[in-house]
Amino acid sequence: MRASPSVAYIQTVVGGVKRNGFSLKGTEVPVGAGSGFLWDDRGHIVTNYHVIASVIKSNNPNIKVKLQGMPALPATIVGYEPEKDLAVLKISSRNLPSPVEVGSSNDLQVGQNVLAIGSPFGLDYTLTTGVVSALGRDVDGMAGGSSRDAFNLMQPLIPKQWRAS
């Protein structure tokens, strides 16, 4: 599938100290994980706010992004919007795959077949088929407000006509 190389597995970690006898050893403890996708050739990754929420208030947020066939890369937070459950990260690499081809939500139709790709629970590059069940729903945001005309796009929804043959 054309989009697979641009699907990101995102992991947030916090540093800790582990005592081993009389010595202390620095450790990393995973605190969150989720999926995202490469938005452009400058390394912007789109994901959900809840994926990075656990490290937002950290002085030194530690976020790692893994794209298919590449080592995990450190990411910085570009911005986020808790009400929309949306976040943008940035990675740096000279060998990024092509970004996901993004369609228009105006073209979606109820009953349309779609594919959702992602890395739920750290499982690499899963594929799920589905159907657009509704459009224009109001969805409550993480901070208590609501989003109008929402539908889930955090795992890239790829209409079947866009699939590679």
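Is Asp-40 buried or exposed, and what is its relative accessible area? In this predicted model, Asp-40 is buried, with a relative accessible area of 12%.

**Charged and polar side chains**

Asp-40 takes part in a salt bridge with Arg-42, the N to O distance being 3.5 Å. A search of the whole structure finds one salt bridge. Side chains of opposite charge can pair when their charged atoms come close.

Asp-85 is also described here. This residue is found in the loop between β5 and β6, where β6 spans residues 86–90. Asp-85 is buried yet has no salt bridge. The side chain of Asp-85 does make a polar contact of 2.8 Å with the side chain of His-50.

**Aromatic pairs**

The count of aromatic pairs comes to two. The ring centres of Phe-37 and Trp-39 are 6.3 Å apart and their planes lie at 50°, so this pair is tilted. Tyr-49 and Tyr-80 form a tilted pair, with 5.5 Å from centre to centre and 35° between the planes. Tyr-49 lies in helix α1 (residues 49–52) and Tyr-80 in strand β5 (residues 73–81), so the pair ties together parts that are 31 residues apart in sequence.

| Residue | Relative accessible area | Class |
|---|---|---|
| Phe-37 | 7% | buried |
| Trp-39 | 43% | partly exposed |
| Tyr-49 | 13% | buried |
| Tyr-80 | 42% | partly exposed |

**Nonpolar core**

The largest nonpolar core contains 19 residues. Those that touch the most other members are Ile-10, Ile-45, Ile-52, Ile-63, Val-65, Leu-89 and Ile-91. Two or more residues of this core come from each of β1 (7–20), α1, β4 (62–67), β5 and β6.

Ile-63 may be examined individually. With neighbours within four places in sequence left aside, Ile-63 is in contact with Ile-10, Gln-11, Thr-12, Ile-52, Val-55, Leu-73, Pro-74, Ala-75, Ile-77 and Leu-89. Among these contacts, Ile-10, Ile-52 and Leu-89 are also listed with Ile-63 as core residues that touch the most other members.

Methods:
Residues numbered from 1 in each chain as written. Predicted model: local features only at pLDDT ≥ 70, side-chain atom pairs only at ≥ 80, totals over all residues. Heavy atoms only, no water. Phe/Tyr/Trp six-rings, centres within 6.5 Å; stacked < 30°, edge-to-face > 60°. Buried < 20%, exposed > 50% of the residue type's maximum accessible area, 1.4 Å probe, protein only. Helix = DSSP H or I, 4+ residues; strand = E, 2+ residues; numbered from the N terminus. Lys, Arg positive; Asp, Glu negative; His and termini not counted. Salt bridge = Lys/Arg side-chain N within 4 Å of Asp/Glu carboxyl O. Polar contact = N/O pair within 3.5 Å; in protein donor to acceptor, adjacent residues only side chain to side chain. Core = buried A, V, L, I, M, F, W, Y, C linked by side-chain atoms within 4.5 Å. Contact = heavy atoms within 4.5 Å.
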